[in-house]
Amino acid sequence: MGLNFDSRVFEKKALNLAGTQEHVVRGGRDLFKLLPKAFEGIRQIGVIGWGSQGPAQAQNLRDSLGGTSIRVKVGLRPGSKSVEAAEAAGFTEGNGTLGEMYSVIAESDLVLLLIADAALADSFKDIFPRLKPGATLGLSHGFLLGYMKTVGARFPENVNVIAVCPKGMGPSVRRLYEQGREVNGAGINASFAVEQDVNGKATDYALGWSIALGAPSTFQTTLEKEYLSDIFGERGILLGAVHGIVESLFRRYLDRGMSEEDAFLHSCESITGPISKGISRSGILGIYGGLDEAGRAEFRRAYCAAYHPAADILLEIYEDVANGNELRSVVAAVRRHSRYPMGKIDGARTWRVGERVRAGRVESQIPLNPFTAGVYCATMMAQVDLLAEKGHSWSEIANESVIEAVDSLNPYMHFRGVSYMIDNCSTTARLGARKWAPRFDYNLTQQAYVAVDNGERLDEGLFDRFLTHSVHPVLEVCAALRPSVDISVVG
């Protein structure tokens with residue numbers, strides 16, 4: 001991508017990722033003392049919204065900036081149902097840290113817009129005129145930029161526009177930050193972008209924001225690449241694809257004579273448990289390398305059969321995000337919710353069985369099913385390949401396709417269930433998973449599994465490329481940048 005940045009405050013570290021040089025800023029609580037310098041000229045940070053990211057970011061920023069003159073203030077709509085939750089977290093009108101949304105926007109030097117994507121699409125024309133000249137607009141998702149492109153809108157020219165995008169949902173951002181009270185470096189990695197820099201301080205503002213959130217590593221991207229990879233990724237291996245993979249494999253194993261409990265163990269539990277843990281610690285290639293001879297043969301068949309059916313859907317998703325169709329569909333869907341609210345997806349047979357299995361789970365007895373691993377890894381690698389083809393940086397590819405899945409989202413799925421995870425993430429992600437999961441299920445069932453069962457000739461060249469793929473050494477480098485502790489999801 002040719003990205004590079006300079007900071008007056010934080011040291012950057014060069015990384016060689018698949019023959020390209022990128023830079024990362026390492027975080028840690030020992031850097032909090034540098035935050036006043038990074039936030040030079042900022043007296044108030046306004047955190048707008050209390051959805052997935054709002055609570056975590058407001059509390060992390062407040063805690064990291066404790067003892068400084070910088071105030072963190074939450075802005076909510078009048079009558080918001082979130083007022084009680086914000087007050088319970090210590091943000092109140094009485095202590096000057098809670099106020100009406102537009103008032104907080106107008107008085108803040110750094111405005112973090114963390115309200116839902118569709119709400120941003122409907123309200124950005126009211127928000128922009130209220131920003132102070134020279135203020136900094138912060139986003140944790142590039143959805144707004146993508147939507148504005150579809151309607152020909154632009155950011156105000158007299159403000160900085162930056163992004164810090166944690167590679168995990170808000171509760172993870174908060175939970176790992178709190179774990180970091182005991183172990184320096186706990187947190188969720190993040191990417192940052194500078195879309196506009198009107199005062200020469202935007203980069204340090206973004207890096208300071210990321211470090212204050214507790215990010216152990218902060219990578220550079222652009223706002224456009226971020227929304228392309230993020231919206232695409234959550235419809236792919238992060239949420240939509242894993243849901244479709246589990247549904248398809250659960251039925252397959254039932255049809256082949258397994259009990260309900262065993263079918264769930266060999267599909268969902270295998271993915272969110274030993275497969276995810278193995279990828280986190282040893283990379284994707286390490287899953288294959290850890291199998292016996294028969295398991296490797298099974299993995300290889302599943303991988304070669306699943307790759308193209310998964311890649312077919314992934315290409316369609318990426319193109320729909322890039323041309324704006326997917327963004328417009330999110331806004332339109334939210335507008336329909338007044339008539340047909342979004343329902344839950346946890347009542348189907350698969351997920352009811354999952355509740356029983358989790359209740360009696362013995363971690364050491366969860367199998368690493370080689371066929372399941374082949375399907376999952378093929379889908380993950382198809383996503384990696386597509387992002388590389390579209391020019392995304394290797395750090396972004398690794399985070400959006402692998403690290404966020406196995407180190408942030410899948411542990412929550414393992415604890416509470418895939419359906420729970422999807423029902424409790426952002427509206428944009430929930431809509432995307434519901435829309436695309438059935439497509440993965442259908443393609444894998446109708447094409448991949450049929451090819452295996454019929455003994456059709458498979459594209460063996462796919463596996464040769466897998467064994468020598470550039471992502472493997474990239475993940476080795478990125479493994480050194482993992483949080484210093486694994487996320488705790490119990491309790």
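Visitor: What makes H2 and H8 count as being in contact?
Guide: In this predicted model, contact requires heavy atoms within 4.5 Å, and Gln57, Asn60, Leu61 and Ser64 in H2 meet Trp209, Ala212 and Leu213 in H8. The residues of this contact divide into four nonpolar, three polar and no charged.

Visitor: Why is H2 called roughly perpendicular to H8?
Guide: The axes of helix H2 (residues 54–64) and helix H8 (residues 202–213) come within 8 Å and cross at roughly 95°. Angles of 65 to 115 degrees count as roughly perpendicular, and that is why H2 is described as roughly perpendicular to H8.

Visitor: What makes Glu400 and Lys167 a salt bridge?
Guide: The closest N and O atoms of Glu400 and Lys167 are 2.6 Å apart, and because the cut-off is a side-chain nitrogen of Lys or Arg within 4 Å of a carboxyl oxygen of Asp or Glu, the pair qualifies as a salt bridge.

Visitor: How do you know that Glu40 and Arg8 form a salt bridge, and which parts does the pair tie together?
Guide: Their closest N and O atoms are 3.8 Å apart, which is within the 4 Å limit. Glu40 lies in the loop between helix H1 (35–38) and strand S3 (44–48), whereas Arg8 lies in the segment before strand S1 (13–17), so the pair ties together parts that are 32 residues apart in sequence. The structure holds 31 salt bridges.

Visitor: How do you know that domain 1 and domain 2 touch, and how much area do they bury?
Guide: For domain 1 (13–217) and domain 2 (232–480), 23 residues of domain 1 are in contact with 22 residues of domain 2. The two domains bury about 2000 Å² between them, 63% of it on carbon and sulfur atoms. In domain 1, Leu17, Lys167 and Met169 lose the most area to domain 2, together 28% of what that side buries. The count of salt bridges between the two domains is two.

Terms used. Residues are numbered from 1 along each chain as its sequence is written. This is a predicted model: local features need pLDDT of at least 70, side-chain atom pairs count only at pLDDT 80 or more; totals for chains, interfaces and linings use all residues. Side-chain values use heavy atoms; hydrogens and water are left out. Axes are lines fitted to C-alpha atoms, for helices over the stretch in contact, and angles run from 0 to 180 degrees between N-to-C directions. Helices (H or I, at least four residues) and strands (E, at least two) are DSSP runs, numbered from the N terminus. Angles under 35 degrees count as roughly parallel, over 145 as roughly antiparallel, 65 to 115 as roughly perpendicular and the rest as oblique. Ala, Val, Leu, Ile, Met, Phe, Trp, Tyr, Cys and Pro count as nonpolar, Asp, Glu, Lys and Arg as charged, and the others, Gly among them, as polar. Domain bounds come from an automatic or database domain assignment. Buried area is the accessible area (1.4 Å probe) that two parts lose on being put together, summed over both.
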